[in-house]
Amino acid sequence: MSGSDLPRFLRLDVPAREPAVAVLPVPYERTTSWRRGTENGPDALLVASHYVELYDEELDAEPCQIGIETLPPVDVNGSDESVLQRISAAAEATLRDGRFLAAIGGEHTVTPALVRGALDAAERALGVVQFDAHADLRQTYGGTAWNHACAMSRVLDLGLPTLAVGIRSLTRPEADRIANEALPIIWAEQLDALPLPELETLFEGLLASLPDTVYLTFDLDFFDPSVLPATGTPEPGGGTWYQALALLRRLFERKRVVAMDVVELAPIPDNPASDFTAAKLLHKCIGYRFRSQLAGMADT
């Protein structure tokens, strides 16, 4: 699909002034281990976003006012190494322009490449917050270290501190690594067991150990399949919509989130609910990221 044919996030034209947000489609899929289709995730999310209301009742604002541009998709043809380098370069270039990067995948393999680009652009300490059903801490899987099940191992290889939320599926070696390295996690069963105020307090306490600057990766299988079934590896017992929003709101209030991704949407034909949920999630995150600026616009 050419850049001119690409659906635009929220159906927005590029504003005359420099947009504050760059939406970057990354339709990369090579290692999906069950349901395929994540390569179609960016297009499905963008199309569904055309039906998201621009006004956010929680923020009493239209996040699109800060300016949002949909970039051409990253070229995902070629060797793994060349494609991942291309993804990193696109992320770095966007962030060096001073814009908030909102990447949409694609399988979770894209995240380490995006984080690499964010790290190079930030030139400062960077933490990574992961919403996910799976630990993704395998060293290799399916004969490659660049499998979607290894995404957070590759992030840890960069020497970055992480915080995972919603984990409920992992291997024994991954569990041992979590224990041995004291990796901070909010388990999915805690999402279910703790009242929301206690969950928010726990989350804030763990966030305090991360640097002020943060990258957010949101694997959509964080959600319970009753909320969002269209993922490659759905897991029962996941988070709810309002749990996710409460924690994301805290994250954007407490940290400077410079970039994020939404990954692992595997669209189900004739069932666009998941596509719409993913699009609205991204819209909410953009609103949280620019909440203070939007409030200032309302006052002028």
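In the predicted model, Thr-162 touches Val-128, Met-152, Val-155, Leu-156, Pro-184 and Leu-210, residues up to four places away in sequence not being counted, where contact means heavy atoms within 4.5 Å. Thr-162 is found in strand S5 and is buried, with a relative accessible area of 10%; buried denotes under 20% relative accessible area, exposed over 50%, and partly exposed the range in between, for a 1.4 Å probe and protein chains only. Helices (H or I, at least four residues) and strands (E, at least two) are DSSP runs numbered from the N terminus.

Because this is a predicted model, local features need pLDDT of at least 70 and side-chain atom pairs count only at pLDDT 80 or more, whereas totals for chains, interfaces and linings use all residues. Residues are numbered from 1 along each chain as its sequence is written, and side-chain values use heavy atoms, with hydrogens and water left out.

Thr-162 is also among the residues lining the largest cavity, together with others including Gln-130, Met-152, Leu-156, Ala-164, Ile-167 and Pro-184. On a 1 Å grid over the protein atoms alone, a cavity is a set of points where a 1.4 Å probe fits but cannot get out, and lining residues have an atom within 4 Å of a point. The elements giving two or more residues to this lining are helix H4 (151-157) and S5, and S5 gives the most, with three residues. The largest cavity has a volume of about 100 Å³, and by class its lining has 10 nonpolar, two polar and no charged residues.

The count comes to two cavities of 30 Å³ or more.

Helix H7 (residues 196-207) has 12 residues and reaches 16 Å from its first C-alpha to its last, close to the 16 Å expected at 1.5 Å a residue. The buried residues of H7 are Leu-199, Glu-200, Phe-203 and Leu-207; seen down the helix axis, these fall within an arc of 100° and so line one face of H7. On the other side of H7, Pro-197 and Thr-201 are exposed.

Technical notes:
Expected span 1.5 Å × (residues − 1). Arc of directions from axis to C-beta. 1 Å grid on protein atoms, 1.4 Å probe; cavity = no way out; pocket = protein on both sides within 12 Å on 5 of 7 lines; lining within 4 Å. Points joined across faces, edges and corners; volume = space filled by probe spheres on them. Nonpolar A, V, L, I, M, F, W, Y, C, P; charged D, E, K, R; others polar.
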